[in-house]
Structures are given as C-alpha cells and as structure tokens.
Amino acid sequence: MATTSKIIYTLTDEAPALATYSLLPIVKAFTRSSGIDVETRDISLAGRIISAFPDFLDDSQKIGAALAELGELATKPEANIIKLPNISASIPQLKAAIKELQDQGYKLPNYPDEAKTDADKDVKSRYDKIKGSAVNPVLREGNSDRRAPLSVKNYARKHPHKMGAWSADSKAHVAHMDQGDFYGSEKSALIADAGAVKIELTAADGTKTVLKEKTAVKAGEIIDASVMSKQALTSFIEAQIADAKAKNVLFSVHLKATMMKVSDPIIFGTVVSVFYKDVLTKYADALKQAGFDPNNGIGDLYAKLKSLPADTQAAIEADMKALYESRPQLAMVNSDKGITSLHVPSDVIVDASMPAMIRESGKMWDAEGKLQDAKAVIPDRCYAGVYQTTIDDCKKNGPFDPVTMGSVPNVGLMAQAAEEYGSHDKTFQIPTAGTVTVTDTSGKVLLEQKVQEGDLWRMCQTKDAPVQDWVKLAVNRARATGVPAIFWLDKNRAHDAQIIAKVNHYLKDHDTNGLDIQIMSPVEATQFSIDRIRQGKDTISVTGNVLRDYLTDLFPILEVGTSAKMLSIVPLMAGGGLFETGAGGSAPKHVQQFVEEGFLRWDSLGEFLALAASLEHLGNTYGNPKANVLAKTLDQATGKFLDEDKSPSRKVGGLDNRGSHFYLGLYWAQALAAQTEDKELQQQFTSVARELEGNEAKILEELTAAQGKPVQIGGYYRPDTALTEKAMRPSTTLNATIDAVK
Ligand SMILES: NC(=O)C1=CN([C@@H]2O[C@H](COP(=O)(O)OP(=O)(O)OC[C@H]3O[C@@H](n4cnc5c(N)ncnc54)[C@H](OP(=O)(O)O)[C@@H]3O)[C@@H](O)[C@H]2O)C=CC1
Ligand SMILES: O=C(O)CCC(=O)C(=O)O
Ligand SMILES: [Mg+2]
C-alpha cells in the first residue's frame with residue numbers, strides 16, 4: 001500500500017460545478033486504491049457567502065472558511081490543489097446569490113448599497129470581500145504557466161473550428177483614450193527598505209484625508225500609481241458614441257469588472273451614465289430614490305423601475321425607447337431577451353469577449369441577433385493595442401488558420417497579487433480635487449499625482465521574489481521548448497521600465513546560452529507573435545498579470561477554439577502545485593441550456609489535464625509510483641479521447657459532458673489495463689475496462705435518455721445536492737461499475 005497523499009479538488013460554480021458531480025466519482029474511484037485521498041473544498045460563491053455569516057445562521061447551515069484554509073495551504077510545500085473556475089461576482093450576481101440563499105432558508109442579511117450604521121458597515125465589508133475576483137488571488141501563490149498541449153493542438157489541426165472571414169474594409173476597430181488614462185499617468189518607485197507606505201489625499205485647501213493608512217512593502221518591490229481622469233474618460237466615451245453612430249457600427253465596451261472589481265465597475269458605470277445621459281439626467285431624482293446605480297448596469301434601472309409610480313415608469317420607458325433611436329446600436333448579450341451589453345457589468349468580460357469578436361470577423365450581435373461590425377471601446381491604453389494589432393493583421397491577412405497556425409503559450413507574473421491584480425484595496429474614487437501622495441514612514445514622498453473629483457486613482461504592488469520566480473519560469477520554458485520567449489513590456493510605462501531593469505538583472509542568474517529571449521512592447525510583441533503564428537511557429541509570451549489573463553484567452557480561442565483546453569499550471573513558490581482547469585470561466589450559458597434541455601456542453605478537458613499534472617506532481621513529491629502510473633495512463637486516455645473526438649457536442653442528441661466522462665473513464669481503465677508497470681492496477685482495472693466496454697451501448701442509451709427535457713437542480717448558485725447528483729449521474733449501469741471500484 002502506497003503512502004496516503006492528498007489532492008484537494010475544489011467545488012465551484014455553474015457549469016464546472018455541475019460537471020464535477022459526474023467526474024469526481026470517477027476520479028475518486030480510479031485513485032482510491034493508490035492511496036490517494038481526493039478531498040473536496042467548497043469555494044463556490046454561495047459557499048463563500050455562507051461561511052462569512054455564521055452568526056446569522058443555524059448550526060446546521062454553517063460551513064467552514066474553505067478559501068482561507070486553501071490560501072494557507074497554498075503557501076506550504078504539501079499543497080496539491082485542483083482549482084476549477086469560479087464566479088467572480090459583480091454586485092448584481094452577488095445580490096442574486098444572496099436572494100437565492102435567503103429563499104432556501106438562510107437568514108442572510110441583504111447587501112447594503114449604502115452602509116450607514118456600524119452593523120451595515122460590517123455586513124457590507126464582509127460581502128465586499130466575497131465580491132469580484134476573490135478566490136484566484138488567494139490561491140495563486142505562484143506564477144502561471146498556461147499552454148495548449150500538443151495533443152490539443154493536433155486535435156484542432158484535425159478538427160479545425162470555424163473562423164469568421166475578414167475583409168480589408170471591415171469597420172471593426174478598438175478605441176482607446178489618448179490622454180488622461182492609467183497608461184499616460186503612471187508613476188513608479190522602487191522600494192529600498194521594507195516598511196510601510198501611507199496613501200493620502202491633500203485637497204486644494206490643504207485638508208488631508210488618509211485614503212489608506214498602512215500598506216506593507218518589502219525591499220526591492222515596485223509600487224506604482226496611476227490615474228484615470230473622469231473628465232477625460234467622459235469626453236472620450238461621448239466622442240466614441242458619436243463616432244459609432246457616424247460609422248454605423250455597434251457600440252461595445254470591453255472591461256474586466258469582475259477581476260478589476262473596484263476600478264472597472266466605475267468605468268463601466270461612466271459608460272452607462274454617458275450613453276443614457278438624457279434619461280438619467282431627466283429622471284435623476286426618481287432614479288436616486290429608487291436606488292439605481294449605473295455601476296451595476298442599465299439592467300439595474302429596469303429592476304428598480306418597478307418601485308416607482310406607474311406613470312413615472314411609463315415615462316422612463318418611453319424616453320428610453322426614444323433614446324435608443326438617437327444612439328448608435330448597442331452590441332447585445334442576448335438579443336431575444338433584449339439584454340444589451342450595458343445591462344450587467346459582468347456580462348462582457350474583455351479576456352473572453354475580444355477573442356470571440358475577433359473570431360467572428362470583428363462582429364458582435366445587434367438587437368435583431370445579426371452580426372455587425374463593432375467598435376470595441378477599451379478605454380485604457382496599457383493593453384488595448386494588442387487587440388487593435390490583431391484586428392489590423394486580420395484585415396490585412398485574413399483570419400488565422402487553426403490547421404497551420406503556431407501557438408503562443410504564456411508565462412504570467414501573478415504571485416502575491418502582482419500588479420493591477422492586487423490593487424483593489426488601493427483603488428479610490430477621489431472625493432475632492434487635490435494631490436494624492438504615497439509616503440514612506442520617514443515622510444518621504446515616493447509617488448505624487450494631481451487628481452480631480454471623481455477620478456480613479458490606483459496603486460499596484462509587485463514584489464521582487466515573484467519577479468525572480470517568473471524570470472526563472474520563463475527561462476525554463478524557453479529551455480524546455482527551444483522556442484523564443486518574449487517579455488511583453490513597454491519601456492515607456494514607468495512600471496514596465498522598472499520590471500525591464502529587474503528582468504535584465506535576473507536573467508543573468510540563468511544560463512540563457514542559445515536561447516532567444518527578447519523584450520518588446522505589447523504591440524510589437526503581438527505583431528511578432530502573430531507573424532510567427534502565421535508561419536506555424538510558436539512564441540512564448542512572458543507577461544504581467546493582466547496580459548496573462550488576456551492572452552490566455554486570446555490565443556487559445558483563436559488556436560484551439562476555447563481556452564477550456566489549456567493546461568494551466570501554477571507552480572507554487574513554496575513548492576506545492578496549483579492545477580487550474582483551462583483558462584476560461586464558468587460558462588453561465590451552459591447551465592441555462594442544462595436546466596432547459598438536460599444537456600451540458602461543458603468540456604472537462606481542462607480538468608483531465610489538470611488532474612494528470614496533479615497526479616504527476618504527487619507521484620514525484622511523495623514517491624508514489626502508482627500516482628505516476630495514474631498520471632501517465634490518464635494522459636494516454638486524454639489523447640485517445642481527443643483522437644476519438646469524444647468531447648461534448650453542443651446540442652441535444654450528441655454526446656454531452658456526462659457522456660464524455662464515460663469515455664474518459666473507459667479509456668483510462670483501458671490504459672491502466674494495458675500498462676505493465678503496476679500489476680495491481682493492471683489487474684484491478686482490467687475488469688473495470690471490460691465492464692465499461694461491455695456496457696457501452698447500454699450506458700450511452702441511459703445517458704441519452706436523460707437529455708432533451710428540463711432538469712430540476714433546485715438552485716443556480718447553490719443547487720440541491722441530491723437533485724443535481726441525480727441529474728448528473730443518470731446511468732445506473734455506469735454508476736454501478738464506478739461505485740464498485742474499491
Ligand atoms: N479561473 C477562473 O476562476 C475564471 C473565472 N471566470 C468567471 O467565469 C464567469 C464567466 O466568464 P466568461 O467571461 O463568460 O467566460 P466563460 O469562459 O465562462 O465563457 C465564454 C465561453 O467560452 C466557452 N467555454 C468556456 N469554457 C468552456 C468549457 N469548459 N467547455 C466548453 N466551452 C467553454 C463557452 O462558449 P459556448 O457557450 O459558445 O460554448 C462560453 O460561453 C464569470 O463569473 C467570470 O468571472 C472567468 C475566467 C476565469
Ligand atoms: O479571477 C478572475 O476573476 C478571472 C481570472 C481569469 O480570467 C484568468 O485567470 O484567466
Ligand atoms: Mg481569463
């Protein structure tokens with residue numbers, strides 16, 4: 001019997017959480033005899049809400065703080081965590097989740113929009129910790145290594161996904177600001193000695209307001225501050241609305257209101273305020289009374305309308321209709337239901353939305369559900385150029401060809417909440433004009449910025465140890481692949497200039513002989529990588545945190561159709577492993593289809609890849625040879641799964657997520673039966689393979705019979721366990737075999 005070793009499998013939200021009901025029993029069954037414990041921890045949005053309010057709940061409802069526990073574990077060498085994508089909740093989503101839990105009998109407090117009393121402030125601060133990207137920064141105690149495995153590239157070459165055509169006269173384009181944005185205002189400082197800094201606003205009349213009393217800093221870390229001018233942003237949006245109308249293209253805005261949970265909802269709210277200005281000004285008093293907040297999207301207006309007198313409601317609705325006539329057409333999220341891209345801040349998320357637009361020939365959906373050329377507004381200049389360069393290239397050279405194109409894997413800096421990722425508690429909307437300063441404990445001013453009322457000011461931190469680790473990871477990947485590694489850094493940005501100095505310094509710690517390592521601005525690096533992609537060549541992108549996020553959807557979506565098929569590893573700096581599944585999100589649309597049609601199109605390939613990497617890590621760190629056998633055979637099974645094209649299809653009648661898991665189990669059992677390295681496993685799984693092979697037709701019949709009708713799972717954010725298990729495991733024959741594996 002091998003030593004017991006532990007893998008933590010996270011329970012999250014939406015489609016990946018549903019898929020887990022079907023996949024996890026297979027994973028547990030296959031690993032049990034090898035002394036591997038697969039434990040679960042609930043880090044779903046609902047789970048995190050429940051665990052934050054024990055004082056409001058009955059004892060039977062309380063659950064522990066799993067996220068905090070895993071955050072702690074991630075800093076220890078024994079960590080081996082499989083992390084599925086989770087919801088990064090916008091306020092509308094957070095409120096919906098609270099409502100659902102209240103309806104299920106959890107006596108949770110409402111989210112206080114405005115907290116006046118101490119009790120309200122306490123509740124709001126607990127909820128605000130759960131909001132947005134609250135999970136990933138806690139677990140990501142390492143940098144990121146994301147790539148499309150060769151088997152996945154080969155699959156795309158054999159079964160290329162559809163790519164929209166491009167023509168030189170496409171009107172699609174990206175619009176960004178030319179001044180007054182974060183890019184233009186960035187200032188940076190290198191911290192000499194460990195200590196703390198204070199962030200303070202000095203108003204024009206000399207009054208001082210402390211924005212943040214104390215932020216710990218380490219020696220060698222980079223801090224930077226930048227400002228988004230409200231006035232510059234407002235004029236920019238006005239000009240873009242007029243330009244979209246003049247050019248007759250769809251107006252769309254692409255932000256990351258989830259991950260950038262403080263700055264981007266405010267930028268989104270500014271766009272909503274400008275686009276709907278006439279109505280919002282005319283009815284300002286009524287809407288204020290109703291509690292409408294533009295940062296929550298125009299959907300919030302429709303929700304709040306119900307609380308207003310019937311005649312006001314009707315007047316606002318009529319004026320909204322008239323406003324749409326005078327504005328450019330908006331890109332839609334769901335044209336059938338009339339949901340525009342300005343309805344909810346978390347519906348259009350730049351990392352996934354821009355690649356989708358580029359795949360669709362630079363088009364988005366109009367109100368009639370037709371594809372139209374779109375203006376993509378990405379206000380800040382730091383990364384907008386990446387997309388414009390890609391669009392220009394498509395206009396010139398046509399769409400990319402998944403059959404012949406190369407690959408752009410990513411090595412991303414993200415550990416210890418690097419860069420913009422960790423800026424939330426240091427992002428402020430400025431209450432009065434003045435100067436913001438960042439001073440050290442001796443009173444020395446490190447950074448200083450002039451600000452106006454309503455501006456967004458933000459400070460980022462990038463610690464030195466993660467930068468060193470990131471450079472090392474980049475060199476290792478370049479060495480392992482022989483592929484050029486490009487650091488995407490812009491010497492004209494104050495922050496990037498500091499990083500460039502560190503990169504040049506730390507590269508000297510490594511043998512880079514024979515490696516092609518270069519530093520280019522994001523725009524240059526995009527063009528360089530795209531030129532190579534078109535020649536079938538690979539190029540490693542080595543980037544900061546935001547580009548890590550953007551590029552690991554952009555290139556996978558173009559290359560292999562979805563970022564779900566990415567291998568996504570986070571070698572934790574303390575020696576453990578965090579194995580993320582895919583690079584994309586939690587696919588809310590998939591849940592809707594499952595509930596309506598009993599068909600789940602979620603592809604768990606990312607989970608298969610993460611599990612194999614996790615088992616391999618376990619085998620190597622605990623000297624458990626069985627884990628290595630399981631990893632190797634799982635890789636073989638995944639290869640066969642791709643060869644045999646057993647990924648879920650998109651429509652009822654085809655194989656769905658559950659059927660795809662059956663095939664993974666079958667191929668894994670066959671691979672275990674075929675190997676000779678471990679006789680016990682061979683013997684055990686020979687009979688499992690035989691049973692699954694023999695029952696293939698019957699199992700498929702049972703799985704198919706479960707499709708094509710609505711399914712009850714008793715909740716969206718917190719589905720009922722028994723109902724969901726029943727829905728996700730509908731084949732008694734498959735269940736009997738899996739549950740009998742001891
Ligand atoms: N690591 C994490 O925890 C991440 C979490 N998120 C969160 O996920 C939610 C949704 O984000 P969104 O930007 O819409 O991104 P998603 O990646 O969930 O959705 C975009 C589209 O990608 C396709 N897709 C993604 N994953 C899969 C998969 N496994 N199998 C098949 N298709 C897939 C689907 O296309 P189609 O429907 O056309 O099949 C889907 O509609 C948000 O709450 C966001 O914050 C987002 C990114 C990462
Ligand atoms: O943490 C989040 O909100 C999203 C993360 C994400 O999109 C990514 O890591 O690719
Ligand atoms: Mg992403």
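**Ligand shell.** I started with the shell around ligand 1, whose residues divide into eight nonpolar, ten polar and three charged. The model is predicted. I then listed what comes nearest to ligand 1: of the 21 residues around it, these are Ser-88, Ala-564, Gly-584, Gly-585 and Asp-603.

I looked up the record next. An unreviewed UniProt entry annotates Arg-146 and Arg-548 as "binding site". The two are spread over 403 residues of sequence, yet they cluster in space, with a largest C-alpha distance of 8.8 Å.

I checked Arg-146 and placed it in strand 4, residues 144–147. Is Arg-146 buried or exposed? I count 25 other C-beta atoms within 10 Å of Arg-146, and 20 or more make a residue buried, so Arg-146 is buried. Leaving aside neighbours within four places in sequence, I found Arg-146 in contact with Pro-409, Asn-410, Thr-552, Met-566, Leu-567, Ser-568 and Ala-583.

**Annotated stretch.** The unreviewed UniProt entry also gives "binding site" for Ser-133, Ala-134, Val-135, Asn-136, Pro-137, Val-138, Leu-139 and Arg-140. I looked at two of these residues.

I found Ala-134 in the loop between helix 5 (118–130) and helix 6 (136–139). Ala-134 is buried because 21 other C-beta atoms lie within 10 Å.

Where is Arg-140? I placed Arg-140 in the loop between helix 6 and strand 4. Beyond four places in sequence, Arg-140 is in contact with Met-414, Ala-415, Val-570 and Leu-578.

**Whole protein.** The protein has 28 helices and 24 strands. Its radius of gyration is 26 Å, close to the 27 Å that the globule rule gives for 742 residues, so I recorded the protein as being as compact as a globular protein of that length. The C-alpha trace spans about 80 × 65 × 60 Å along its principal axes. Buried residues make up 53% of the 742. Among contacts with a separation of 6 or more, 78% are between residues 24 or more positions apart.

Terms used. Residues numbered from 1 in each chain as written. Chains lettered and ligands numbered in written order. Predicted model: local features only at pLDDT ≥ 70, side-chain atom pairs only at ≥ 80, totals over all residues. Near = placed C-beta within 6 Å. Nonpolar A, V, L, I, M, F, W, Y, C, P; charged D, E, K, R; others polar. UniProt positions renumbered as here; feature names shortened; annotations may be inferred. Helix = DSSP H or I, 4+ residues; strand = E, 2+ residues; numbered from the N terminus. Buried ≥ 20, exposed ≤ 12 C-beta atoms within 10 Å, placed from the backbone. Contact = placed C-beta atoms within 7 Å. Rg over C-alpha atoms; globule rule 2.2 N^0.38 Å.
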